[in-house]
Amino acid sequence: MPPVQPPADRPHRARPGARPWAGPRTGPGSLQRSLLALVLVPLVGLVGLVGYAVDEQAERAAAAAEATDDVRSAVALDVVRAAVAQEVVPVLGQAVLGDPATAASVGLDGASLAQLPTFAGDALGAQLAAAQRTTDEAVAAAGTTGAAAQAAAAGRGVRQLRAQSADGDLSAVFGGYRGLVARLAVQVGDHLQSASAAGLDDAGTRAVADLQRVSRASSLASVEVPLYFSSLTTSGQEQVDNRAAFLSTWGGYAVAATEVTSLNSPGSAARWTGVVSTPEAVQLEALLRTAALEDGSLALPQFVALTAANSARDAALGTVVAETGEAAVTAAGGPAREARDTLRVLVAVCALLVAGTLAAALLLRRWIAAPLGRLAAQARAVSDGELLDVEESGPAEVRTVARGLAAAVDNLRRVRDQAQAVADGALDADVVHRPVHGPLGEVVHDSVRRMVGALSERERLQADLAHQASHDALTGLPNRAQALLLIEAALHRAARSGGRVGLLFVDLDHFKAVNDTHGHSAGDELLRVVAGRMAACLRGGDVVARLGGDEFVVLVEGVEGGDGPAASTADAALVDLGRRLIDAVSEPVQLSGRHAGAQVRVGASVGVAGSGGGGGGAERLLVEADAAAYRAKAAGRGVVEVFDDALRAELARRGAVERALWTALAEGGLELHYQPVVDLATRSVEGVEALLRWDRPGHGPVPPAEAVAVAERSDLVCELGRWALAEACAQLVRWDGEGGALAGIGAAVNVSGRHLGQARLVGDVTAALAASGIAPERLTVEITETVLVDEPLALEQLRALRALGVRVAIDDFGTGYTSIGQLSRLPVDVLKIDRSFVASPDAASADLVRLLISAAHSSRLGVVAEGVEQDGQLTGLLAASCDAAQGYLFARPVPAGEVADLAVVTGAPAGAARG
């Protein structure tokens, strides 16, 4: 049935405010831009990848070009070397012609001397001129390569030697030529080595290896005759040395010539064999063999033949070196050519891919973007209230979307017609009762149901989060924050009703031993069991809460009685409850899981406090119960103590001490004393331990243990630690400025477990080091052994301190639960053995001290013995190889100004430095 049309006399009007569609939008989210981005992203990645490949090939080409230049330079320098070597023989020959005495020294007879100028003069002169021209040409040619500077230096050296040859100092001239040839040979080898290191391929490497062998053999061949002549024209030790050099070179050439025959290039090996097989080369080899094996003189024909054959062989070998070098240059340039070819291929492939991608983008635009653009415009018009006909075109997916939009438009038309019919009062019109196609009603109902469900789920989650925020995750009991709220509320109810509130502070005994023996999972199970047992001991309305760790509180409301005897009766009831809690907690616990079969047992110490005595709120009541529990632990554990007037007075006294300590910290009323730590090997002061001292106005010196115990109950101990760190570092700077024996020593500062458990400790140490400027390794942070168990963040904090360079020491070692086997895994540097072991006369304690020292040394830890007061103790520590010690035997803690006045203990007998 077609939809109901508006009456003819009332044409359809668009809804008020509808914006007529004015064409496709091309905003930031348009399809065309999205397609462009879709194309450009992989295209940019492709270009980047090709660029990387191009850059890699360019680097390869550059490396190959560099290797090629090195080979070309080596070849050019070797040509220069060969040319310089060819000058030596005619120079020596002319020296012989010009000096009859020199000619006679080589064994020429009188008749030969008379024939020398005519027989050899012109030939030697022509040979020398030709050799010099060859040298100059080789130097000029090498000047166009990367060895230009070396070639220029060689040219200057040759010119100087030519000038010196006119002076007649044959030995100096020959030495100069010989040194120049050797220097050029080294430079040739350096260039070839550089070429090999530049990244040649296998062919280039083999070609360069061939060139190295040919160059070495040619170099040795070029100096055989000059060395032989020098051995004939000198006398004494110089002649002996020259003879030895000749024989070494002759033998070296024979080995090198043999190696040339096994070149990688058969052509180069064949050319070499052809040169050394020529009559001149064979004649020269025979003459040199005779000269090497028979120490004799030369006849004039032999002299002339030797110089001529040497010149011919050197020239021929130079040709072989040049040809081998050209082959090496060609082979070395192979990777560069391959890289250039690869670059061209990469660029061509990239161009093809870019062109293909752009072409694909254009096709996508025509096939997808245009139909989708029309569809988007139609959808936009529909969203503006214009129910127009939807055109279907483009790919199948686009046509499917268009059909879906057309169906939606049809449904909207039906909804519009139904609304129009209702507005016109045509409630019985067929269009009103005709449902809209699709599960629209079901979807609406489902949406409402889901909305209600979502609201209910949100409320449930809020309740869960509120419960998690106020309850302990392990036991499900109220946590500390919730416990304080419950206590405060109970106190308010008691104040209105005139009743009393009782609070029991339950502190488990020996819980750490369970963790240490069976692990934290066993400890967690134990806490859950204990929590359930305590809850079972309570009346309805009473509450047990977990403060943290192994500490619980039990809140009891409706405690009968007020002051006087009634209060005593009420306290007796609370004490009885405390005893029942202790009995319940002390029952053995059978573990399950991976600890199945194991049985553990803990105890409890209980402190009782009641409201109505001293007033105050929840915090006050909790402090009083805690103080009573502390006294219960001090009384031997497993007992119940009631907060009374004596404890109230003690709390007041502690509060006064704490306030006075805060004032002293703020007003500079605290002081650090320093006790030296003595290196037992050298008996010298290697460092000091900083100890807190407080002279309280009106009361006198306060024992350090008392002051620290008061500070430990609040964050005051952290402030004291921050102050001690800064003051100790500043004192080290002052001692450095004074010079003397204390300059450069280190200082140890004690850090409390509460301070170690706070993340700001690392920042406090960093600030102290930065303010003083001392090296981190001069500061040692001391912690007690029990802190490693009590503070979860201890190990992480200690690792962070050691990462700064600060040293870490375990103080009072042996009094806690740390296993000796754990030492190697702990982030510490020094072990300080507790004074109780050092001072004990028991042989077992002495054995334990030796064991601790040995274990620490095995874990590469330093050892300091504390509380050394007697010579016998020192003797035992020395026998046990203890590293250092401190105690009254050496010095008592003294103010900073008196540390420098301590006796020097280096080399002093035991007890000499007694404080």
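Start with the lining of the second largest pocket: by class, 16 of its residues are nonpolar, 9 polar and 10 charged. Here Ala, Val, Leu, Ile, Met, Phe, Trp, Tyr, Cys and Pro count as nonpolar, Asp, Glu, Lys and Arg as charged, and the others, Gly among them, as polar. A pocket is found on a 1 Å grid over the protein atoms alone, as an open set of points where a 1.4 Å probe fits, with protein on both sides within 12 Å along at least five of seven lines; lining residues have an atom within 4 Å of a point.

Before you go on, note that this is a predicted model, in which local features need pLDDT of at least 70 and side-chain atom pairs count only at pLDDT 80 or more, while totals for chains, interfaces and linings use all residues. Residues are numbered from 1 along each chain as its sequence is written, and side-chain values use heavy atoms, with hydrogens and water left out.

**Inside the pocket**

The second largest pocket holds about 950 Å³ of space, a volume being the space filled by probe spheres set on grid points joined across faces, edges and corners. Now select Glu689, Leu691, Val708, Asn750 and Asp811: of the 35 lining residues, these are the closest to the pocket centre.

Next, colour the elements around the pocket. β8 (670-679), β9 (684-696), α22 (704-711), α23 (716-738), β11 (746-750), β12 (779-784) and β13 (807-813) each give the lining at least two residues. Which element supplies the largest share of the lining? That is β9, with 5 residues. Helices (H or I, at least four residues) and strands (E, at least two) are DSSP runs, numbered from the N terminus.

**Two arginines in loops**

Move to Arg683, in the loop between β8 and β9. Arg683 is not a glycine, yet its phi is positive, about 55 degrees. Is Arg683 buried or exposed? Arg683 counts as buried, because its relative accessibility is 16%; buried means under 20% relative accessible area, exposed over 50%, and partly exposed in between (1.4 Å probe, protein chains only).

Then select Arg860, in the loop between α29 (843-858) and β15 (862-865). Arg860 also has a positive phi, about 60 degrees, without being a glycine. Arg860 is exposed, since its relative accessible area is 78%.

**Zooming out**

Of its 915 residues, 43% count as buried.
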